[in-house]
Every structure is written in structure tokens, then in C-alpha cells.
Amino acid sequence: MLRLAIQKSGRLSEDSLNLIRECGISFISSSLKLKTECTNFPLEILFLRDDDIPGYVADGVADIGIVGENVLVEEGKQELTVEKLGFSKCRLSLAVPKSVEYNSIQDLNGKNIATSYPNLLQAYLQEQGVQAHIHTISGSVEIAPSIGLAEAICDIVSSGSTLISNGLKEVERVFKSEAALIATKDLSQEKREILEKLLFRIHAVQRARKAKYILLNAPNDKIEEISDLLPSVKAPTVLPLAEEGWSSLHSVVNEDDFWEIIEKIKDAGAQGILVVPIEKMII
Ligand code: ATP
Ligand code: MG
């Protein structure tokens, strides 16, 4: 059985659990349980504080884990990364009070900066040739300037609304982060095989999230033109309609290219266009 460590309760928890569920893996979760065995896949889930996940995986207490790259790199454990997972996207940024004039990173020379990420911040300041005093605190970093602890802060930002509501402005981006799947270095052959199976499912889920299944009707003399506009896994499926001279085309399009393709195929004569989500995609 493979042991997976995920965050017990916080910003990574829901997306981590959803990914496992979308992989068709069932388990009984309760807020009181710190450990659960999956019922239809050889996986055991441990629910932990996110800061502890890299250490548990590095020590082999957990075989794999899901954690933010910010925590992983801060703890110097980036070599455990298997792959990025595309959720919990955020950034580590420097911010100063709104009223302070800020021109460049050099303005922070000699200043006090409060953060929960001293290593990432130190590496960034060094790279920029700035010397500042780093005050490591474990939470509520945003209030540091208003209570006189520091002139600047370095903290996680996604929309920036927490900064704004604390009278701060973002001035530098220090590190870009998203959730990552990590694994211990010396997995047994048996566990490696389970991990491969899990990755196969994760990839099918991820591919499907970005793709849409598209169905449309077209006059037969337009099939070639429309087919050329439609990207597809191999080639679009073409089925005759009950109405003479018309066919139905089926294909898969990427969400990012979606609207551009729709406009083009409409102009080329496509009608009755349907777009449906895909649950899993194996190619
Ligand atoms: P724990 O109690 O497990 O230590 P925490 O309070 O340290 O939790 P959370 O705030 O739940 O951590 O954030 C967990 C991770 O989610 C962060 O390390 C970061 O990778 C990511 N994250 C944090 N804030 C955001 C956000 N606003 N949007 C998206 N992802 C975020
Ligand atoms: Mg934490």
C-alpha cells in the first residue's frame, strides 16, 4: 500500500482530495480521522499540517505527498518533486504600506522584512544584491508594518485582496508556486508500480480538465474545410445524419483554443454545435 500525505485542513485540502476522487479512488473521510485507507486502490491517506509534508516524505514516513512548492522549496526539499499539479497557484511577494513611496528593490536595503519564508526571501534578496533584516514569524504577517515590527513583508498572494485590506501594496514577486506531487527517494518496486498507476490516472484527469468534446452538424461539402479547423486526438469522427447531404462531426478541442475555433467553424458552415465536458482522457 502506498502512503499519501495531504494537508489536513487548508487551501490545499479540497483540491488534493478532489484529485484523488476524480482518479476514481474512494475513501471515507471524516474531519476527526488523521488516516484513512482507500477502499478500491492500494492507497492510505495521512492528513497533516502542510509544513510537515516534505519532511515526512523525505524521511519515508509517507511515500508521496501533495504540497505547495513554496513550502517545498523553503524547506530545501525540491528534489522530491515528481510533477506539478496545476492547482493552488499563488506567489510569494514583497509588499510595503500603500503610503510608502517605492521605486525599486534597492529601497529595501537596511529595512526590516517580516515573513514566514526566510529562505526563499534571503535567496531572492541575495540575487538582487539587497541586504535587509529578515524577521521570521509564523503567521499574520500582514499586520507587521502596522504594529511597527517591519517596514515590509514577504507573504503568499493570490488575488491581492488580503494585502489591500491591510493597507499594503505588492511591489516585487519573489517566487511563483503551485501544488506539487512529491515522492520519497527510495520507493520499493511494488510501491513504484502503484505510483505509476496513480500517475496514469492523474494524467487522464488533467488532460480531460483541459479538453472539451465537440459535436456539430455540417453539409457534406464543408466537412473537409471544417475538419482542417478542428484539432483532434487522431482525426474527427464523421457520421452521416438522417438528412441527406449532412453529417455530424465529433472531435476534442482544448479549452484555451475553444472560442477561436468555434468562430471559425461557424463561419465555415457548422451548425448545432454542442460542447460537453470530458471526464477522463487516455491517449
Ligand atoms: P497548515 O495548517 O496545514 O500549516 P497553512 O495555514 O500553513 O496550513 P494554507 O493557508 O492552508 O496553509 O495554505 C496552504 C498552501 O496553499 C500554501 O502553502 C500555498 O502553497 C497555497 N496557498 C496559500 N494561499 C493561497 C491562495 N490564496 N490561493 C491559492 N493557493 C494558496
Ligand atoms: Mg502551514
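Ser 88 is placed in the loop that joins strand 5 (81-84) to strand 6 (90-97), where strands are DSSP runs of E of at least two residues, numbered from the N terminus. The structure is a predicted model, in which local features need pLDDT of at least 70 and side-chain atom pairs count only at pLDDT 80 or more, whereas totals for chains, interfaces and linings use all residues. Residues are numbered from 1 along each chain as its sequence is written, chains are lettered from A and ligands numbered from 1 in the order in which they are written, and side-chain values use heavy atoms, with hydrogens and water left out.

Although Ser 88 is not a glycine, its phi is positive, at about 50 degrees. With 22% relative accessibility this residue counts as partly exposed, the classes being buried under 20% relative accessible area, exposed over 50% and partly exposed in between (1.4 Å probe, protein chains only). A positive phi, near 45 degrees, is also found for Ser 140, likewise a residue other than glycine. Ser 140 lies in the loop between strand 8 (133-136) and strand 9 (152-157), and its relative accessible area of 53% makes it exposed.

Ligand 1 is surrounded by 15 residues, of which the closest are Gln 7, Arg 11, Arg 49, Asp 51 and Asn 70, a residue being counted if one of its heavy atoms lies within 4 Å of the molecule. Polar contacts (pairs of N or O atoms within 3.5 Å) include one at 2.8 Å between an oxygen atom of ligand 1 and a polar side-chain atom of Gln 7. An oxygen atom of ligand 1 also lies 2.8 Å from a polar backbone atom of Arg 11, and an oxygen atom of the ligand is 2.8 Å from an N or O atom in the side chain of Asp 50. Taken alone, ligand 1 exposes 640 Å², of which the protein buries 76%, with areas from the Shrake-Rupley method and a 1.4 Å probe.

The magnesium ion (ligand 2) is coordinated at 2.1 Å by Asp 50 (OD) and Asp 51 (OD), donors being N, O and S atoms within 2.8 Å of the metal (3.2 Å for Na, K and Ca); water is not among the atoms, so sites may look incomplete. Asp 50 is buried, at 18% relative accessibility, whereas Asp 51, at 36%, is partly exposed.

One aromatic pair is counted under the rule that rings of Phe, Tyr and Trp (its six-membered ring) pair if their centres lie within 6.5 Å, with planes under 30 degrees apart taken as stacked, over 60 as edge-to-face and the rest as tilted. The ring centres of Phe 258 and Trp 259 are 4.8 Å apart and their planes stand at 70 degrees, so the pair is edge-to-face. Phe 258 is buried at 11% relative accessible area, while Trp 259 is exposed at 60%.

How values were computed. Helix = DSSP H or I, 4+ residues; strand = E, 2+ residues; numbered from the N terminus. Polar contact = N/O pair within 3.5 Å; in protein donor to acceptor, adjacent residues only side chain to side chain.
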